[in-house]
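Subject: Structure handover and findings

Hello,

Here is the structure for you to look over.

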Amino acid sequence: MGNDLADFGEFVDAELPGLLRYGYVLTGNPHDASDLVQTVLEKIGSKWPSIRRKTSDPVAYIRRSMANAHISRWRRVKRETLVAETPEQRGYTPADPFEHEPLVRAVRELPPRQRAVVVMRYYEGLSEYEIAEALGISAGTVKSQASKAISTLRTKVADPVESDG
Amino acid sequence: MNQQDDTDFTDGLRASFSDDRFALVPTASARETIVAAARTRRRRREVAYVTGGSLAVASVLLGGFLLVSPQQPEGGTTLAEDTPSMPRTAEDEAEARMESGPEPRAVPDNATAQRHMTEARAGAAARWIQIGPDGYRSLRLGMSYDEIRATGMLAAQDDPPPKNCARYRLSGADVAVRHILVSERVGLAAVVANKASTPEGVTIGSTRAELERTYDAAEADDPKNYLIPTGKGGHYLFRVDGDRVSELSLVANNQDCGLP
């Protein structure tokens with residue numbers, strides 16, 4: 001059993017910063033990002049050889065898993081943040097780093113699926129068709145979710161007071 | 001708004017996603033934590049597979065539950081460690097200690113106690129009638145009153161249908177369920193157990209520790225009520241009195257009858 005997981009360990013080392021960043025953009029919160037990445041990577045690692053056989057791009061595969069997990073409300077109970085250093089662990093009380101960024105705040109307030117679609121479209125640069133396939137929904141749904149999200153974002157950015165809550 | 005506006009807006013969105021403030025720094029032990037947990041998870045799966053029978057079934061059900069959830073606590077009863085078909089070497093023990101991270105982990109002295117607990121739970125699941133993740137016997141969450149009546153399971157076939165919400169008893173032979181709640185709007189809203197088990201083996205009388213370990217629910221917001229989503233349109237509600245589960249219900253997520 002051990003060697004294939006050594007390979008997985010190297011993969012984790014190399015890709016963790018990027019995956020944490022993706023998790024943060026996706027969930028809007030460093031704790032949730034850390035928890036999501038950890039949860040998904042544990043599952044991926046437990047099936048690492050078969051995942052390597054199944055896909056030539058494990059990072060993309062993991063991002064899809066994270067997006068789907070995020071949508072299906074992967075978080076049931078909070079646990080200690082183990083894989084990323086969050087501001088509290090560095091010893092100060094965190095202010096929201098995006099306090100003065102209405103667009104980021106507005107994205108954070110989108111419903112999970114709209115948020116995932118927006119992140120996949122504009123952060124990952126996937127096509128509507130690729131998003132549809134990844135999330136198991138129709139391309140039409142992707143289109144409508146994206147356009148609904150963009151229109152919500154526009155409204156909130158134009159009137160940021162609304163999103164203060 | 002024209003196409004140029006759209007492009008500008010989405011460009012702004014792209015720019016905001018590449019903001020440096022989204023960078024998170026992995027902890028020094030991140031790799032170890034993840035690899036160790038992946039290994040534990042794989043072992044557990046392999047052992048569940050070779051053990052076969054009811055344990056395997058329980059694991060599959062649990063797997064459905066935990067589709068996107070964190071792993072079970074490391075200190076908990078893992079099938080991999082306590083199953084006799086998986087002999088452990090000294091090397092395994094050392095590795096297990098390394099994997100344990102910040103959580104205290106069972107050492108061999110505890111293994112027997114843990115095995116007993118596992119057997120007790122598996123035994124309870126087999127002996128007691130189960131309330132599944134979406135219903136009980138022929139009853140399914142969300143069934144209308146008429147559908148429920150058609151199963152023939154109600155004690156009184158001529159009770160009136162619910163106005164808002166009503167409580168019905170099942171026929172006298174059914175000792176597993178105390179009563180059900182039916183909502184006029186959403187149908188079968190809750191199944192309240194009398195003497196029944198979840199598929200994972202938690203019953204009335206299980207300890208709080210067993211409950212928390214089974215469902216990875218160590219940090220319930222409310223120490224008296226544990227709500228565990230079943231992933232099938234409902235959740236289990238465990239009421240804990242002192243150190244023991246005192247009530248067990250399967251409750252529809254969209255129910256409007258209040259907690260049973």
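Below are the conventions, then chain A, then chain B.

This is a predicted model: local features need pLDDT of at least 70, side-chain atom pairs count only at pLDDT 80 or more, and totals for chains, interfaces and linings use all residues. Residues are numbered from 1 along each chain as its sequence is written, chains are lettered from A and ligands numbered from 1 in the order in which they are written, and side-chain values use heavy atoms, with hydrogens and water left out.

**Chain A**

Chain A holds eight helices and one strand. Helices (H or I, at least four residues) and strands (E, at least two) are DSSP runs, numbered from the N terminus. The order along the sequence is α-α-α-α-β-α-α-α-α. Of its 165 residues, 48% are buried. Buried means under 20% relative accessible area, exposed over 50%, and partly exposed in between (1.4 Å probe, protein chains only). The chain exposes about 7600 Å², with carbon and sulfur atoms supplying 50% of that. Accessible areas come from the Shrake-Rupley method with a 1.4 Å probe; for residues, only the protein chains shown count as cover. Take the contacts in chain A with a separation of 6 or more: 70% of them are between residues 24 or more positions apart. Contact means heavy atoms within 4.5 Å.

Look next at α7(A) (residues 128-135) and α8(A) (residues 139-158). They pack at an angle of about 110 degrees, and their axes lie 8 Å apart. Axes are lines fitted to C-alpha atoms, for helices over the stretch in contact; angles run from 0 to 180 degrees between N-to-C directions. The two helices are therefore roughly perpendicular (65 to 115 degrees). Glu128(A), Ile131(A) and Ala132(A) of α7(A) meet Ala139(A), Val142(A) and Lys143(A) of α8(A). By class, that contact has four nonpolar residues, no polar ones and two charged. Ala, Val, Leu, Ile, Met, Phe, Trp, Tyr, Cys and Pro count as nonpolar; Asp, Glu, Lys and Arg as charged; the others, Gly among them, as polar.

**Chain B: the sheet**

Chain B has an open, antiparallel sheet of six strands, in the order β5-β6-β7-β11-β10-β9. Strands pair if DSSP finds at least two bridges between them. β5(B) (165-168) and β9(B) (225-229) are the edge strands; each has a single partner, so one side of each lacks a neighbour in the sheet. The twist averages 20 degrees from one strand to the next.

Leu227(B) is bridged to Leu237(B). These two strands form a hairpin with four residues between them, and Gly231(B) in the turn has a positive phi of about 75 degrees.

Helix α8(B) (residues 208-215) packs on the sheet, touching β9(B), β10(B) and β11(B); its direction makes about 155 degrees with that of β10(B). Seven of its eight residues are buried, among them Leu211(B) and Tyr215(B). Asp216(B) follows the helix with a positive phi, near 50 degrees.

**Chain B: loops**

Most residues other than glycine have a negative phi. Arg137(B) has a positive one, about 45 degrees, in the loop between β3(B) and β4(B). Asn164(B) is also positive, near 60 degrees. Asn164(B) sits in the loop between α7(B) and β5(B) and is exposed, at 59% relative accessible area.

Best wishes

How values were computed
Parallel < 35°, antiparallel > 145°, perpendicular 65-115°, else oblique.
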